[in-house]
Amino acid sequence: MSGFPKDQCLDLDVEWPGFKAWPFRLVVRWNDKKQKWVFVVTNLNRVEFTLSDVLQAYRLRWQIELIFKEIKSYSGWHRFNTKSATLVFSLILMSFVVVTLKRYLAHAAQANLCESGSIEEISTHKVMKSGTHLFGNVISSLMNAGKSLVSCIKKLLDFWGNNAKREHPARDGCSGRTRLGLCAVGGA
């Protein structure tokens, strides 16, 4: 790649020996920040997904990495107090359920608070690390036949509205998840 201009990208059709029935696209671009070539292998159709679309989607993979980081950081994955593989697996799956539910509630809060003009956007990262005590109240309420559920959810959403605001919501339109038209789903 030493002779290839760093201001251009490659978009190639490739096949691996033994996988000739599955052609892939190899997209190559120079990363100025890291001073190295980035290689992206995808099966996205060239007609539906331009080179620019593929590169933007690749950047969004970081959102997936952040979800795993949040789960590991805020779900107590550092050490399990059991030797039961089944229990460990169950705890890991439950962590994904909790993250999914918290993110859904955060997006619902954002939808409600945006409508009322109270907030522009909620940070899912801040949601993961805050309001744990209030989220626990929501779960406890669900386990008690939903007694005081509405009150618990309202307290949690109010807390996130005050404490989990995004620092730079406009930046997402230029370089973040909303650049490809992705937006929060779920809501009131």
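This is a predicted model: local features need pLDDT of at least 70, side-chain atom pairs count only at pLDDT 80 or more; totals for chains, interfaces and linings use all residues.

**Labels and their grounds**

Visitor: Why is glutamine 35 called exposed?
Guide: Glutamine 35 has a relative accessibility of 52%. The label exposed is for values over 50%, so glutamine 35 counts as exposed.

Visitor: Where does glutamine 35 lie?
Guide: Glutamine 35 is in the loop that runs between β2 (24–31) and β3 (36–42).

Visitor: What makes the phi of glutamine 35 worth a remark?
Guide: Its phi is near 55°, which is a positive value in a residue other than glycine. Most residues other than glycine have a negative phi.

Visitor: Why is leucine 156 called buried?
Guide: The relative accessibility of leucine 156 is 0%. Buried means under 20%, so leucine 156 counts as buried. Leucine 156 is part of helix α5.

Visitor: Which residues does leucine 156 touch, not counting those up to four places away in sequence?
Guide: They are Leu105, Gly131, Leu134, Phe135 and Val138. Contact means heavy atoms within 4.5 Å, so each of these residues has a heavy atom within that distance of leucine 156.

Visitor: What makes up the largest nonpolar core?
Guide: The largest nonpolar core has 16 residues. Leu105, Ile122, Val127, Leu156 and Trp160 have the most contacts inside it. The elements giving two or more residues to this core are α2, α3 (124–129), α4 and α5 (149–163).

Visitor: Valine 14 has a relative accessible area of 19%; is it buried or exposed?
Guide: The limit for buried is under 20%, so valine 14, at 19%, is buried. Valine 14 belongs to strand β1 (residues 10–14).

Visitor: What is valine 14 in contact with, leaving aside its neighbours within four places in sequence?
Guide: Valine 14 is in contact with Pro23, Phe24, Arg25 and Leu26.

Visitor: Why does arginine 46 count as partly exposed?
Guide: Arginine 46 has 34% relative accessibility. Buried is under 20% and exposed is over 50%, with partly exposed in between, so arginine 46 counts as partly exposed. Arginine 46 is placed in the loop between β3 and α1 (51–74).

Visitor: Which residues does arginine 46 touch, not counting those up to four places away in sequence?
Guide: Arginine 46 touches Asp11, Leu12, Asp13 and Arg25. Between arginine 46 and aspartate 13, which are 33 residues apart along the chain, the C-alpha separation is 9.7 Å.

Visitor: What lines the second largest pocket?
Guide: The lining has 13 residues, and Tyr74, Ser75, Ser95, Val98 and Lys102 lie nearest the centre of the pocket. Two or more residues of the lining come from each of α2 (85–116) and α4 (132–143). With 6 residues, α2 gives the most. About 230 Å³ of space lies in this pocket.

Visitor: How do the residues of that lining divide into nonpolar, polar and charged?
Guide: There are 8 nonpolar, 4 polar and 1 charged. Lys counts as charged, and Lys102 is one of the lining residues.

Visitor: What pattern does the protein chain follow along the sequence?
Guide: The pattern is β-β-β-α-α-α-α-α-α, from 6 helices and 3 strands.

Visitor: How many of the residues of the protein chain count as buried?
Guide: Of its 188 residues, 29% count as buried. The protein chain exposes about 12,700 Å², and carbon and sulfur atoms supply 58% of that area. Among contacts with a separation of 6 or more, 54% are between residues 24 or more positions apart.

Definitions and conventions:
Residues are numbered from 1 along each chain as its sequence is written. Side-chain values use heavy atoms; hydrogens and water are left out. On a 1 Å grid over the protein atoms alone, a cavity is a set of points where a 1.4 Å probe fits but cannot get out, and a pocket is an open set with protein on both sides within 12 Å along at least five of seven lines; lining residues have an atom within 4 Å of a point. Grid points are joined across faces, edges and corners, and a volume is the space filled by probe spheres set on the points. Helices (H or I, at least four residues) and strands (E, at least two) are DSSP runs, numbered from the N terminus. A nonpolar core is a set of buried Ala, Val, Leu, Ile, Met, Phe, Trp, Tyr and Cys residues joined through side-chain atoms within 4.5 Å. Buried means under 20% relative accessible area, exposed over 50%, partly exposed in between (1.4 Å probe, protein chains only). Accessible areas come from the Shrake-Rupley method with a 1.4 Å probe; for residues, only the protein chains shown count as cover.
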